[in-house]
Amino acid sequence: MKTLYRKISMFLFLLLMGSGSMILAQNKTRIISYNILEGMKSDTTKGKQDFVKWLKSENPDILALQECNKFTQKSLEDLARSYGHTYAVLLREPGYPVALTSKYPIVDVQKVTDNMHHGFIVAKIKDLNVIVLHLSPHKYWKRREEIDVILSTISASAQKERWIIMGDFNSLSPLDKDNYADGKYADRLKEMAKKYSFHENLVDGKYLDFEVQKRILEFGLHDTAKEKATGNETKGNRIDYIYVSKDLMPLVTKAQFIRDEFTATHSDHVPVIMEFKDKK
């Protein structure tokens with residue numbers, strides 16, 4: 001009888017532990033932002049199966065994509081469904097559009113292309129206010145104009161909390177200034193400007209521009225990867241970010257770049273991942 005009692009007690013304990021683990025897992029939201037280089041052209045498998053396999057292993061709840069070249073709304077929906085996201089929104093079909101996919105309904109969608117080089121999407125997912133963007137790759141002054149539109153969009157919203165702004169900002173953070181002190185990155189941009197006459201990425205043709213990120217920080221948004229840095233990060237030219245509003249930052253448990261065999265070979269950008277605890 002005692003043996004039976006012990007077995008039942010152990011079974012109930014394991015059941016409760018398992019349920020507790022599931023609850024803890026469900027209490028976190030996992031988000032990835034990724035510039036997939038011209039529609040993930042490096043994955044030549046039918047249905048982008050290498051990309052799908054990688055996404056399944058990472059298992060994001062929300063995925064922000066940039067450079068969804070050659071996708072249609074239908075093909076994006078089909079791809080998203082193959083990695084477990086029932087919902088998907090594409091900014092537009094031509095060009096270098098951004099996109100958003102999710103396990104949860106994407107509602108109150110705004111697609112903004114006016115006065116933008118590429119454009120951005122604003123949407124609601126659960127109780128989150130989400131923006132996925134891709135700023136101009138060629139002109140520092142255009143990026144300044146674009147970020148003013150985006151920050152003004154947030155200011156004009158009735159929603160003042162639970163904002164996530166992510167994507168390819170094509171701009172440098174003043175928090176990373178030390179990474180550029182040797183002048184090598186500025187020299188690289190000077191050479192690019194000689195090669196391509198439409199490149200205006202240096203202020204007065206000489207100076208790195210930190211103004212876009214400065215405006216974001218002064219607006220009160222938080223650079224999650226910087227604030228959650230461990231000190232072991234690879235130093236480089238960081239232009240991809242996930243920002244959150246002040247109220248969300250204390251809930252963020254993880255924010256970093258994903259460096260693995262897949263991301264090393266499939267894009268010229270490295271994806272950013274963020275996890276945060278859901279409200280109780």
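Student: Which residues touch the most other members in the largest nonpolar core?

Tutor: In this predicted model, they are Leu-100, Ile-164, Met-166, Met-274 and Phe-276, out of 25 residues in the largest nonpolar core. Such a core is a set of buried Ala, Val, Leu, Ile, Met, Phe, Trp, Tyr and Cys residues joined through side-chain atoms within 4.5 Å. Buried means under 20% relative accessible area, exposed means over 50%, and partly exposed lies in between, with a 1.4 Å probe and protein chains only.

Student: What is Met-166 in contact with?

Tutor: Beyond its neighbours within four places in sequence, Met-166 is in contact with residues including Ile-31, Ile-62, Leu-100, Val-130, Val-132 and Ile-242. Contact here means heavy atoms within 4.5 Å.

Student: And Gly-167, buried or exposed?

Tutor: Gly-167, in strand E8, is buried, because its relative accessible area is 0%. The C-alpha atoms of Gly-167 and Asp-240 are separated by 5.8 Å, although the two residues are 73 apart along the chain.

Student: Then Val-109: which strand is it in, and what does it contact?

Tutor: Val-109 belongs to strand E5 (residues 106-112). Leaving out neighbours within four places, Val-109 is in contact with Val-89, Ile-121, Val-122 and Ala-123. Val-109 counts as partly exposed, because its relative accessible area is 34%. Between the C-alpha atoms of Val-109 and Ile-131, 22 residues apart along the chain, the separation is 9.9 Å.

Student: Changing topic, how much space lies in the largest pocket?

Tutor: The largest pocket holds about 1,400 Å³ of space. Tyr-185, Asn-237, Arg-238, Ile-239 and Asp-240 are the closest to its centre among the 48 residues that line it. A pocket, found on a 1 Å grid over the protein atoms alone, is an open set of points where a 1.4 Å probe fits, with protein on both sides within 12 Å along at least five of seven lines; lining residues have an atom within 4 Å of a point. Grid points are joined across faces, edges and corners, and the volume is the space filled by probe spheres set on them.

Student: What about the second largest pocket?

Tutor: About 230 Å³ of space lies in the second largest pocket. Its lining divides into two nonpolar, six polar and four charged residues, and helix H4 (73-82) gives the most, with three. Lys-48 and Lys-70 are among the residues that line this pocket.

Student: Where are those two lysines placed?

Tutor: Lys-48 is in the loop between H2 and helix H3 (49-58), and Lys-70 is in the loop between E2 and H4. Phi is positive in both non-glycine residues, near 50° for Lys-48 and about 70° for Lys-70. Lys-70 counts as exposed because its relative accessibility is 80%.

Student: How does the confidence, pLDDT, average over the protein?

Tutor: The average pLDDT, the predictor's confidence in each residue from 0 to 100, is 92, and 90% of the residues score at least 70. Over residues 19-25 pLDDT stays under 50, and the model has zero contacts there beyond four places in sequence.

Student: How are residues numbered, and which ones count?

Tutor: Numbering runs from 1 along each chain as its sequence is written, and side-chain values use heavy atoms, without hydrogens and water. Local features need pLDDT of at least 70 and side-chain atom pairs count only at 80 or more, whereas totals for chains, interfaces and linings use all residues.

Technical notes:
Helices (H or I, at least four residues) and strands (E, at least two) are DSSP runs, numbered from the N terminus. Ala, Val, Leu, Ile, Met, Phe, Trp, Tyr, Cys and Pro count as nonpolar, Asp, Glu, Lys and Arg as charged, and the others, Gly among them, as polar.
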